[in-house]
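This briefing looks at a few selected positions and describes the surroundings of each in turn. Please read it with the sequence and the model side by side.

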Amino acid sequence: GATAPLPAVRLDQLGFEARGPKTAIVATDAPAPLPWTLTDAAGRTVATGRSVPFGPDPASGTRVHRVTLPRTLAPGPGYRLAVGPVASRPFPIADHPFAPLARQATTFFYQQRSGPPILPAHVQRPDLARPAAHAAERVTCFAGPDQRGARWPGCDYSLDVTGGWYDAGDHGKYVVNGGISTWTLLDLHERLAAWGRPALFADGALPIPEAGNGIDDLLDEARVEVEFLLAMQIPGGKRVTVATVTDTGAPASGFRTIDAGGMAHTKVADIAWTGLPLAPHEDRQPRRLYPPSTAATLNLAAVAAQAARIWRDIDPAFAARAQAAAIRAWDAAARNPAIPASSDFAGSGGYGDKDWSDERFWAAAQLLATTGEARFREVVEGSPYLAAPAFALSWGKTDFAGLLTLATDPGALSPDRRRALQSRITALADGLVKEQDSNGYGVPFAGTAYGWGSNSDLLNRAMLLGTAWQITRDPRYRDAVVGVIDYLLGRNPLDQSYVTGMGARPMMQPHHRFWAKAADPRYPLPPPGVVSGGPNSTAMNDEVAAPLKGRCTGQTCWVDDWRSYTMNEVAINWNAPLVWAAAFLDATAP
Ligand code: 9MR
C-alpha cells in the first residue's frame, strides 16, 4: 500500500546525551547549507546553525546534510530540530539516555533460555511468559545421511545438554555462536570496573530468577551459556566418526574415527527446520547432537578459560571445572587440529568455518590470561594475529576476541608487548573514526556491501572503539560508539529504530518463532531491547529480500517483515554487542 514519506530529519530516537556528541542527518537534495534551529519543550530557541551538505552518499544512495548540535545542552524532554522547511519529532536530552537500552537488551538472554519456564515475574508482559521447553535434553548423536548422501554413524553415548540459550529465531543451540556471544558479555563484565561502573549489573539489577543470590546478574546470565558449552564436551575415551576432508580441507564423502574426548559437538538442534510460528515448548521434532569440530572445541576452550578467571573468587569449584574443561578442549583440538564443522545436515544453521587459526589464537589468548602458562604464551607471541592485527570480529573470525582481552589484561602480555598491541588497536580505531566520513549517516564502516547481521558488524566495531577509548580516554573513539548507537536507533535512511520497544519507530516483526504476532495473532509481540540483524545487501535470498534486488543500496536493503530471515532475524551474537555498546555508553557518560 501507499506509505507516508519518511520524516527528513533523522536522529537517535532515544535522544542525546546532555554532554555528548549530537549529530542529526537530513535527507535533502539542497545543494547549499540550510539554516537550522533547535527549540526546547517551551518552544524557545536554544541553538541555531547551518547544515553541512555531504553530497551523494554511497551507503544510502541519497543526498544528505549533517547537523552538529552543541556538545552541552540541558537535559529535558520535547526538543525539536527544524532544518530549512523540515522538522524532527520531539526528542529528549538526558544524562543517561542509553540506560534503558543497556538493561532491556540484556533481558533478551533470559527470554532466549532453553529448559526452564520463562516466568511472568521476569518478563515485561504476561504473554511473553512460556512453559518449560526442551527441559530434559538428554540426546544422542544424529545418525543419518548428510547432503552428500554419506551416512554419519553418530555416536554410542548420550549427553545431557539441557539449558543454554536458543541461538536466534530458531531453536538450535550452537557452540560456535554461543562462544562469541558469551565472551562478549563476559568481556563487558571484565571492563566495567575500568569504566568506573563495576556495579552496573550487580545482583538485583536484572529481572532474572537469580536476582538475590548475591552474584552479579550479568554473570548469572552468562553462566547459563557457559554451563551449556561445558555440557557439549565429549567425555574422555570416546571415539567418534567425523567427515573426512580432502587435501584442500574440503569435506569429502565418507567418515573416519577419531579419539574425541574433550572435543565439543558443534550443535544440538532439530533434525529438520521447523515452521514459524512455533513456541519452543511446541517443538515436536526430534533433537540430536551433530558432529564435533575443531572450531567448536576451541570456542569452548576460549570461553571456559575466560570463565575460570572470572569465577575464581566467586565460585572456585565452578572455576576449577571450567579451567579443566578448557585445557581438555585445548588438548583435544591439538590432537584433532582440522575437523571441519559438518554443515551438510539440513534443519539447522551451519556455522561452518573453514579457518580455525583465529579460534586457536583466541583460545590461547584466553588460556594465557587465565593460567600464564608458557605453552599458551608461545602460541600467542608467535602469532601473526598479534604481530599484524586486521580488524574483524564475528562468529567466524574470533582473533580479536583474544586481542581485546590481551590489550587490557594486566598480566597476560609483558608491558612492552601490551603497549605495542594497544597502539595497533588505537591505529585500527583511528581508521574506523575516519570511515565515519565516508558515508552520509556517519557510521564507522566505509563499504557499501551490508552483510547478514550488518547491525552486529557495526556493534562489533563499537567494541574496538570502546576498547580504544578505555586505553586512551580519547573522546573521538567514544563519539564513534555514540554514532553506531545513533544509527541503530534511528539516524539512518529508513528512519528506523532497529531495536524493539526503543524509539518512535521500532522494529516490530522479528523473524522469531515465538515473538511472532505478525505471523499469527495468538503469539506475542517481541519484548523490548532486541536488535534486528539489519540491512543485508549481500544474501537477498528470502522471499522478502529477493524482490529488493537492484532496488536498494547497502543501508536501505531492509524491511520490517517476519518472513525475512536474512534481514530481520535476531540472534545472541547480535544482542550481545548491543548490550556491550549500550552499557559502555551508559557507564562512561560524560
Ligand atoms: O549470522 C549467520 C550469518 O553470518 C550467516 O551468513 C547465515 C547463513 O549461514 O547464518 C547466520 O546465522 C544464523 C544461524 O545459521 C541459525 N540461526 C540464526 C542465525 C542468524 O540468522
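Asp560 is placed in the loop between α12 (475-488) and α13 (572-587), and the model in which it is seen here is a predicted one. The UniProt record, an unreviewed entry, gives the feature "active site" at Asp560 and Glu569.

**Asp560**
- Asp560 has 19 other C-beta atoms within 10 Å and is therefore partly exposed, since the buried class begins at 20 or more.
- Leaving aside residues up to four places away in sequence, Asp560 is in contact with Met507, Met508, Gln509 and Asn568.

**Glu569**
- Glu569, the other position that the UniProt record lists under "active site", also lies in the loop between α12 and α13.
- Glu569 counts as buried because 23 C-beta neighbours are found inside 10 Å.
- The contacts of Glu569, again without residues up to four places away in sequence, are Ala168, Gly169, Pro510, His511 and Gly533.

**Gln366**
- Gln366 belongs to helix α6, which spans residues 357-371, and it counts as buried because it has 32 C-beta neighbours inside 10 Å.
- When residues up to four places away in sequence are not counted, Gln366 touches Ala302, Ala305, Gln306, Gly402 and Thr405.
- Between Gln366 and Ala412 the separation is 46 residues in sequence, while their C-alpha atoms are 8.8 Å apart in space.

Definitions and conventions
Residues numbered from 1 in each chain as written. Predicted model: local features only at pLDDT ≥ 70, side-chain atom pairs only at ≥ 80, totals over all residues. UniProt positions renumbered as here; feature names shortened; annotations may be inferred. Helix = DSSP H or I, 4+ residues; strand = E, 2+ residues; numbered from the N terminus. Buried ≥ 20, exposed ≤ 12 C-beta atoms within 10 Å, placed from the backbone. Contact = placed C-beta atoms within 7 Å.
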